[in-house]
Amino acid sequence: MNIPEYPDFRPLEMEDRPVFIEALKASPPVISELTFTNLYAWREVYKPLITRLKGFILICSDCALEKKFFLPIGAGYIKAPMEELLKQKNCLFFRVPEAVKALFEKDSSFRIEFDADNSDYLFRTSDLIDLAGKKYDGKRNLIKKFKGFFNYDYVKLDSSHVRECFLFEEEWCSIKHCDSVEGLFKERRAVREMLAHCREFDLVAGAIRVEEKICALAVAQRLNQNTLVLHVLRANPAMAGLYQLICNEFLAHEAGEYEFVNMEQDLGVEGLRKSKLSYHPVEMIKKYTISSKDN
């Protein structure tokens, strides 16, 4: 591995993907951040620097002021590298899942803070495909309404569709004013990275076409053996029921082998939180920040 030993770091590169894939196989993630796709596509935001410690890969996010580490990646006793780094000044771990947080609970020297805004929504895939029962009446009605107005096709996407997807993304961003909304501007760059490297990242993508034009898009990948993580879900907001349709069609076509789908976090955005809750998650993948009380 061409990854330096701690305390030396270097930037994350596309060529690191095979090493990350092998390390993630050793300890399959449950949180949405821990895919190479996410770390690389959002690198302008995370500014990830990588190093090695005690056999694990460590990713430090925006290390200029403090060392904010994602969960160590690899096989072994995960608490060991975390403890060593937490003893050092201005080091913390963020987006830590519940099982790892539990390793630190009984030690009063650590500060543990719940991160509600970045906790992931986990759904049973069959619930979102079948949309059965009264609680999904609204979703089924919106999909029925869309089908009553439009003839559409579901399209499984590959690298030949990238330019067409970029055109849709440009139109969506024009409607949403991505250039003037910081969060959407950053998301736009990440989405374009995913679309441009769809094959390299081993992503699965699908779209809804109306009159031969893409008007909704979904992009996802395997997170672990029984979970698909949905990275991108976009639809023309002027077409009622389209968001519900692309979600349903995409999962029906591409997610049958997965028991669960992780729809990532709501970032504290009230509208996004309301939308995700309306699909009735079976679990929240809670995340925490861990730091030393001495620092």
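A pocket here is an open set of points on a 1 Å grid over the protein atoms alone, with protein on both sides within 12 Å along at least five of seven lines, and its lining residues have an atom within 4 Å of a point. By that rule, the largest pocket holds about 1,400 Å³ of space, a volume being the space filled by probe spheres set on the points, which are joined across faces, edges and corners. This is a predicted model, where local features need pLDDT of at least 70 and side-chain atom pairs count only at pLDDT 80 or more, while totals for chains, interfaces and linings use all residues. Residues are numbered from 1 along each chain as its sequence is written, and side-chain values use heavy atoms, with hydrogens and water left out.

- Of the 42 lining residues, Glu 187, Glu 264, Gln 265, Leu 267 and Leu 272 sit closest to the centre of the largest pocket.
- Helix α9 gives the largest share of that lining, seven residues.

**The surface patch**

- Leu 267 and Leu 272 turn up again with Val 269 in a nonpolar patch on the surface, with about 250 Å² of accessible area together.
- Patch members have over 30% relative accessible area and no salt bridge, and nonpolar side chains (Val, Leu, Ile, Met, Phe, Trp, Tyr) are joined within 5 Å, like charges within 9 Å.
- A salt bridge means a side-chain nitrogen of Lys or Arg within 4 Å of a carboxyl oxygen of Asp or Glu, and areas come from the Shrake-Rupley method with a 1.4 Å probe.
- Leu 272 belongs to helix α11 (residues 270-277) and is partly exposed at 35% relative accessible area (buried is under 20%, exposed over 50%, partly exposed in between; 1.4 Å probe, protein chains only).

**The cysteines**

- The whole structure has two disulfides, a disulfide being a pair of cysteine sulfur atoms within 2.5 Å.
- Cys 60 pairs with Cys 63 at S to S 1.7 Å; Cys 60 is buried at 0% relative accessibility, and Cys 63 is buried at 18%.
- Cys 173 pairs with Cys 178 at S to S 2.4 Å, in a left-handed link with -75° about the S-S bond, and both cysteines are buried.
- In sequence order, the bonded cysteines pair 1-2, 3-4.
- Cys 91 is in no disulfide, with the nearest cysteine sulfur, that of Cys 60, 7.2 Å away; Cys 91 is buried at 4%.

Notes. Helix = DSSP H or I, 4+ residues; strand = E, 2+ residues; numbered from the N terminus. 1 Å grid on protein atoms, 1.4 Å probe; cavity = no way out; pocket = protein on both sides within 12 Å on 5 of 7 lines; lining within 4 Å.
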